[in-house]
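Open the model in your viewer and keep the selection tool at hand. The stops below are meant to be taken in order.

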Amino acid sequence: MEFSGEEQFTHSREELYAKLIDLEFMSKTFPGLQRIEKLEPKLLVCKLKPGFSFISGTLTNTMELVDENPPEGVGVNVKGKGIGASVNVRIDITMTPNDGGTSLAWQATVSELGGLLKPVPRPLIEAAANKVIKDNWSAFRSKLGA
């Protein structure tokens with residue numbers, strides 16, 4: 001399962017890159033963040049209350065920065081694990097200058113859905129994931145402007 005999109009910003013690539021690799025900043029953009037359990041320069045472990053009606057409880061979300069290429073982009077490996085559910089996602093972000101700002105292209109590839117997520121119909125997962133993605137970019141923009 002893949003998701004992708006493009007976001008436009010008036011900020012420079014350097015400004016955006018600095019925020020994208022600042023995992024403490026990024027954690028504040030996660031819908032449903034309950035607490036940070038571990039924070040290192042390239043690793044974040046946190047508890048989230050997912051915005052999916054078909055998952056109850058919390059997920060332990062592990063986010064690791066990989067393939068850093070400042071200021072053009074970064075790769076992120078995300079693993080989510082909860083009671084009876086797991087997910088692995090690879091996110092690749094690339095940025096290019098655009099009329100005094102930056103075009104940010106992203107692609108998320110779900111490599112594994114486990115446990116109770118396996119039987120959930122794909123359209124339901126896609127709709128829920130698209131809402132979480134939209135909320136995350138909205139929060140990112142809001143925090144970026146603050």
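**Before you start.** This is a predicted model, in which local features need pLDDT of at least 70 and side-chain atom pairs count only at pLDDT 80 or more, while totals for chains, interfaces and linings use all residues. Residues are numbered from 1 along each chain as its sequence is written, and side-chain values use heavy atoms, with hydrogens and water left out.

**Colour by confidence.** pLDDT is the predictor's confidence in each residue, from 0 to 100. Its mean over the chain is 92, and 95% of the residues reach 70 or more. Helices (H or I, at least four residues) and strands (E, at least two) are DSSP runs, numbered from the N terminus.

Seven of them form an open sheet, in the order 1-7-6-5-4-3-2, with antiparallel pairing; two strands pair if DSSP finds at least two bridges between them. Strand 1 (2–9) and strand 2 (33–40) stand at the edges, each with a single partner strand, so one side of each has no neighbour in the sheet. From one strand to the next, the twist averages 20 degrees.

**Zoom in on one pair.** Strand 3 (residues 43–48) and strand 4 (residues 59–69) run antiparallel and are joined by six bridges. Select Val45: its bridge partner in strand 4 is Thr62.

Helix 1 lies across strands 1, 4, 5, 6 and 7, and runs at about 165 degrees to strand 6. Helix 3 packs on the sheet, touching strand 1 and strand 7, and its direction makes about 20 degrees with that of strand 1. Contact means heavy atoms within 4.5 Å; axes are lines fitted to C-alpha atoms, for helices over the stretch in contact, and angles run from 0 to 180 degrees between N-to-C directions.

**Look inside.** Select Leu104; among the residues it touches are Phe9, Leu20, Ile93 and Trp137.

**Two last selections.** Is Ser86 buried or exposed? Ser86 is buried, with a relative accessible area of 18%; buried means under 20%, exposed over 50% and partly exposed in between (1.4 Å probe, protein chains only). Ser86 is in strand 6, and its contacts include Gly80, Glu112 and Leu117. Glu15, in helix 1, is partly exposed at 43%.

Note on methods
Lists of a residue's contacts leave out its neighbours within four places in sequence.
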